[in-house]
Amino acid sequence: MTLEQPTAFSEHIHKIRVIYGIDYMIQILTALGKETLKRGFSYYSSSSDRGSVLSHLLKVCMPKPEETAKDLKKALKGMDITKKRLVELAMYAQQWIPMIEDYLGISGFASTCYYFMAHTSEGFDDQVTSTIAKYTPLSPEELRDGAFDIHWFFEAYENVGEKDFKLIYDAAKYSSSGAAHTRARKYANAALGNVEKEDLKAEIDAKRNKDLLMSIGLLPLGNLKADRENELLDRYQFIQKFKKESRQFGAQRRASEGRAAELALRNLSVNAGFTDVTRLVLRMEGKLTEQSSAYFDWQPVEDGIELMVSVDENGRSSLKCRKNDKLLKSVPSKYKKNETVLRYQEVTKKLKEQYSRTKQMMEQAMEDRTEFQVWELRELKSNPVARPIVEFLVVRTVLENVLAEGKGTGSKKEGADRFKIGFLTEEGIVDDTGNVSPIKPDDKVWIAHPFDLYISGHWHEYQKLLFDKQIKQPFKQVFRELYLKLDEEMEKCESRLFSGNQIEPQKTVGALKGRRWVADYEDGLQKIYYKENIIACIYAMADWFTPSDVEAPTLEWVVFSHRKTGKQLKLKEIPDVIYSEVMRDVDLAVSVAHAGGVDPETSHSTIEMRRDIARCNLELFGLKNVRLKGNHAMIDGKLGQYSIHLGSGVVHQVGNSMLFVAPVHSQHRGRIFLPFIDDDPKTAEIMSKLLLFAEDTKIKDPNILSQIK
């Protein structure tokens, strides 16, 4: 059978925007016969073949306002138009869904149709958006990214029944212009248990398919509690493995796969009945530690060799080996392939990864203002890996009316005394003076940001407390750099705090890749805050994607915009914590990727942090001959006067030249106290030099002495 030839009017028909009436719709369907509807064309398409022309007319055909399902029934009488064809029409031209639902008498038909539209990866028009909002609390952006409403799905499925669901499932291809509908199908297959988990895993590993990854959490979890827990843990570990493997790819792919992993965990948490992802993560990390608890005791291997997994006071895991009660440096090579040894090595590796994940999660929770209930953080202290991470973090209570959040002015806020801040213990929250404020197990707290310490008026006291009690935090919290808005910035939509700095694009992308920044072809480097619907952008006339030999671009400004509307936001509208973290990232990029070859440790914020650490160290060691002035530590020694730059660590002797002092970083560890576990080698080096030249009469190195003399 050959198609009819185009007419003189065929191309002009695509300019028709709307036609009305059931009669026209039936004439078009009849003319199409069994021909497949054409997808992937626009109203302005110039295609003039018969199928495209008729498909366009069907797309713009609307029911008249007064027409009902009775009129449709009457018009279809004696026509050879099948139920399958009507379902395809509904998915192809959504304006017919209500009437077809009434005609077919299928309860939940509209809900199921809109389920497939909502869970594609395409955007929707205003009419579809408003209709979908009646079925799910998820926003169009969340749905497009890959979030899944499992409650809506099963409600729709149970209403229409298996047979009619299959009809709509087959017609779902007409809900999108390309292959976007396949995501909705994959989600449905997973939720109904129509795919095998291991097959799904294999395909995800082979193809790095993000849609399949987001669907794996939707597979049925089983009815028995033990089975559910095991299934949850297995999928949780698989998703985390996928996320870890994405580190090998470029920034854009790493960001998209990271987002897919976040949504996969979200879908898994919803399927399992958790209120949010954080609760799922805490539960699964606890289960991982429980499974490893048996390895924390000595177990014999052979020939007197025994193994044990050890977790130190900082939460770091290591494999211990002893023979005849004598500790060995490592497992003897002859046992490296022993099954017990391999198992213990695998457990040690998993615990190290768990420590890294938990620490990253807590630092991100501080930045994102994630709410925890008190009992959750207390429960984490029973986990030997998580306890060192949680124990020495400062927390603050969450106020319902958060006056102290400071959404704008950057000054200390009224009501700062209304929240409690300090270290969480079984007795309550202990502040810097040792006072205990009782707190209920279900009260909500945040991991405090330096902004909270700033508005509390006790920031310096907490810094001093860490030094006095030799407390090491898992990441920079109390000694984290803080950026406050300037008064002259408040009414502006951009910050030019770092404008004029020349940066190397590829180094900038590399410096910020671990901080959730991603390059956009049009809008520069972006960092997205989904909860607050804020996008931060770093603007520079740069090609962020390919190396270039042209002159390094100049950073222009940092701007914030609304994620949904794209409208630029005034800086006074940006939460202070978000502003501070974005500016901290920009400062990092400027210092690390500066085109002028500036030392990567000379950023203003880093020098301020080191100045505070130096001040506390001077008090700790009782040194009276050191003054902190600007970016330098000025030392009045017995053999001379010295100046140490707090950024580069360069030492000058007053009246003499620069003193060359070669650092040996491994020797600093354990000798110089830093208030965070992840040692900054340059900070340790500078503190060591400060102590060395403050007591210059104790210097034994002949090379250094010859330079001084």
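User: What makes the residues of strand β8 count as buried, and which way do they point?
Analyst: Buried means under 20% relative accessible area; over 50% is exposed, and anything in between is partly exposed (1.4 Å probe, protein chains only). Val394, Val395, Arg396 and Thr397 of β8 (residues 394-397) are all buried. Val394 and Arg396 point one way, Val395 and Thr397 the other. In a regular strand, side chains alternate between the two faces of the sheet. This is a predicted model, where local features need pLDDT of at least 70 and side-chain atom pairs count only at pLDDT 80 or more, while totals for chains, interfaces and linings use all residues. Residues are numbered from 1 along each chain as its sequence is written, and side-chain values use heavy atoms, without hydrogens or water.

User: How do you know that β8 and β9 pair?
Analyst: Pairing requires at least two bridges found by DSSP between two strands. β8 and β9 (residues 421-424) have three, in the antiparallel sense, so they pass. Val395 stands opposite Gly422 in β9. β8 is also joined by three bridges to β12 (residues 444-447), again antiparallel. There, Val395 stands opposite Ile447. Strands here are DSSP E runs of at least two residues, helices H or I runs of at least four, numbered from the N terminus.

User: What makes β7 and β11 edge strands?
Analyst: The open sheet has six strands in the order β7-β12-β8-β9-β10-β11, with antiparallel pairing. β7 (372-373) and β11 (436-437) each have a single partner strand, so one side of each lacks a neighbour in the sheet. Further in, β9 pairs with β10 (residues 429-430) over two bridges, antiparallel. Leu424 stands opposite Ile429 there. Helix α21 (residues 459-468) packs on the sheet and touches β8 and β9. The direction of α21 makes about 30° with that of β9.

User: Why are α4 and α6 called roughly perpendicular?
Analyst: Angles of 65 to 115 degrees count as roughly perpendicular, under 35 as roughly parallel, over 145 as roughly antiparallel, and the rest as oblique. Helix α4 (residues 69-76) and helix α6 (residues 97-104) pack at about 70°, with axes 8 Å apart. They are therefore roughly perpendicular. Axes are lines fitted to C-alpha atoms, for helices over the stretch in contact, and angles run from 0 to 180 degrees between N-to-C directions.

User: Which residues make that contact between α4 and α6?
Analyst: Contact means heavy atoms within 4.5 Å. Ala69, Leu72, Lys73 and Leu76 in α4 meet Met99, Ile100, Asp102 and Tyr103 in α6. By class, six are nonpolar, none polar and two charged. Ala, Val, Leu, Ile, Met, Phe, Trp, Tyr, Cys and Pro count as nonpolar; Asp, Glu, Lys and Arg as charged; the others, Gly among them, as polar.

User: Why is Arg208 called buried, and what does its side chain reach?
Analyst: Arg208 has a relative accessible area of 12%. That is under the 20% limit, so Arg208 is buried. Arg208 is found in the loop between α12 (197-207) and α13 (210-216). A polar contact is a pair of N or O atoms within 3.5 Å; within protein, one must be able to donate a hydrogen and the other to accept it, and residues adjacent in sequence count only if both atoms are side-chain atoms. The Arg208 side chain makes such contacts with the side chains of Glu245 at 2.8 Å and Glu257 at 2.7 Å.

User: How do you know that Arg259 is buried?
Analyst: Relative accessibility is 17%, so Arg259 counts as buried. Arg259 lies in helix α15 (residues 251-272). A polar contact of 3.2 Å joins its side chain to that of Asp145.
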